[in-house]
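Grab the sequence and the 3D view, and let's work through some exercises together. Try each task yourself before you read the solution.

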Amino acid sequence: MDKNETLDVSVVIPCYNEEQVLEKNLRKVNDILALTRYSYEIILIDDRSPDSTRRIIERLAPEYDRVRVILHEENRGRGRTVTDGIREARGRVVGFIDIDLETSERYLPALIQGVSRGNDVVVAWRIYRFHFHSLLRYILSRGYVLLVRNILKVPFHDTEAGCKFFNREKILPVLDEIEDHHWFWDTEIMVRSFFKGYRIYEMPTLFIRNREVRSTVRIFRDTIYYL
């Protein structure tokens, strides 16, 4: 693959402690993209994982002719990791998906098409059934949506889903303005895009919790940080 070639799509996969799911889920992402008519690349970025994620990436990358790799020498945060991938991307449409695939890779073609058809930002709007064992996370999630809508005066249903796609040319100036490089990055990029007048579409997606994967979100610490 020509490193200077302009592509239809770039999919960024930020990685931090993904040893449990990386290999099988990378294959799923590549397989679904290979079924489309798009020219594409997958950019794997390891944010200095302390587990075996980096070794798995280095082993897998040569098996895929459309995979590129970025290895951070220090932990920079999730938002910065996605930003680095978008800046390096060659696709006219660029986006990212969390490799736990709680938002399924099957939605990728529709998300990409949403940008190709004229939207500047297309994001997953997670639809999922309430479960009692996740009561605290549910309350915090719904409370956060209300805060965002009422304090920041934006109409979004879900700013935090780990699956967002952009018109790359339009989103690059927004990246220059973002101040947070961690979890608040998701909210910030959507709010800044909204106030620039960008065309934003929230696409309903089925969200299925992967209980084999331990979340890297620390509820109480991150809630205080968000506030």
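**Exercise 1. Find the loop that holds L101, and work out whether L101 is buried or exposed.**

Step 1: L101 is found in the loop between β4 and α4. Helices (H or I, at least four residues) and strands (E, at least two) are DSSP runs, numbered from the N terminus. This is a predicted model, where local features need pLDDT of at least 70 and side-chain atom pairs count only at pLDDT 80 or more, while totals for chains, interfaces and linings use all residues. Residues are numbered from 1 along each chain as its sequence is written, and side-chain values use heavy atoms, with hydrogens and water left out.

Step 2: L101 has 12% relative accessibility, so it counts as buried (buried means under 20% relative accessible area, exposed over 50%, partly exposed in between, with a 1.4 Å probe and protein chains only).

Step 3: Now check the backbone. Most residues other than glycine have a negative phi. L101 has a phi near 55°, a positive value in a residue other than glycine.

Step 4: N17 also has a phi near 55°, again positive in a residue other than glycine. N17 sits in the loop between β1 and α1, and its 31% relative accessibility makes it partly exposed.

**Exercise 2. Which residues does T103 touch, leaving out those up to four places away in sequence?**

Step 1: Locate T103 in the loop between β4 and α4.

Step 2: Its relative accessibility is 7%, so T103 counts as buried.

Step 3: Look for contacts, meaning heavy atoms within 4.5 Å. With residues up to four places away set aside, T103 touches I97, A124, R126, C163, T205, L206 and F207.

**Exercise 3. Give the strand order of the open sheet and say which strands stand at its edges.**

Step 1: The sheet has seven strands in the order β3-β2-β1-β4-β6-β5-β7, and the pairing is mixed. Two strands pair if DSSP finds at least two bridges between them.

Step 2: The edges are β3 (67–71) and β7 (200–206); each has a single partner strand, so one side of each has no neighbour in the sheet.

Step 3: From one strand to the next, the twist averages 20°.

Step 4: Zoom in on one pair: β4 (residues 91–97) and β6 (residues 163–167) run antiparallel and are joined by five bridges.

**Exercise 4. Which strands do helices α2 and α4 lie across?**

Step 1: Helix α2 (residues 53–60) lies across β1 (7–15), β2 (40–46) and β3, and runs at about 150° to β2. For such angles, axes are lines fitted to C-alpha atoms, for helices over the stretch in contact, and angles run from 0 to 180 degrees between N-to-C directions.

Step 2: Helix α4 (residues 108–116) lies across β1, β4, β5 (121–127), β6 and β7, at about 25° to β6.

Step 3: Pick out A110, which is in helix α4. At 35% relative accessibility, A110 is partly exposed. Its C-alpha atom is separated by 9.4 Å from that of V122, twelve residues apart along the chain.

**Exercise 5. At what angle do α1 and α4 pack, and which residues make the contact?**

Step 1: The angle is about 55°, with the axes 10 Å apart.

Step 2: α1 and α4 are therefore oblique to each other (angles under 35 degrees count as roughly parallel, over 145 as roughly antiparallel, 65 to 115 as roughly perpendicular and the rest as oblique).

Step 3: V29, I32 and L33 of α1 meet L108, P109 and I112 of α4.

Step 4: Sorted by class, that contact of α1 with α4 has six nonpolar, no polar and no charged residues (Ala, Val, Leu, Ile, Met, Phe, Trp, Tyr, Cys and Pro count as nonpolar, Asp, Glu, Lys and Arg as charged, and the others, Gly among them, as polar).

**Exercise 6. How many residues of helix α3 are buried?**

Step 1: In α3, the buried residues are R78, G79, T81, V82, T83, D84, G85 and I86.

Step 2: That is eight of the eleven residues of α3 (residues 78–88), so this helix is largely enclosed by the rest of the structure.
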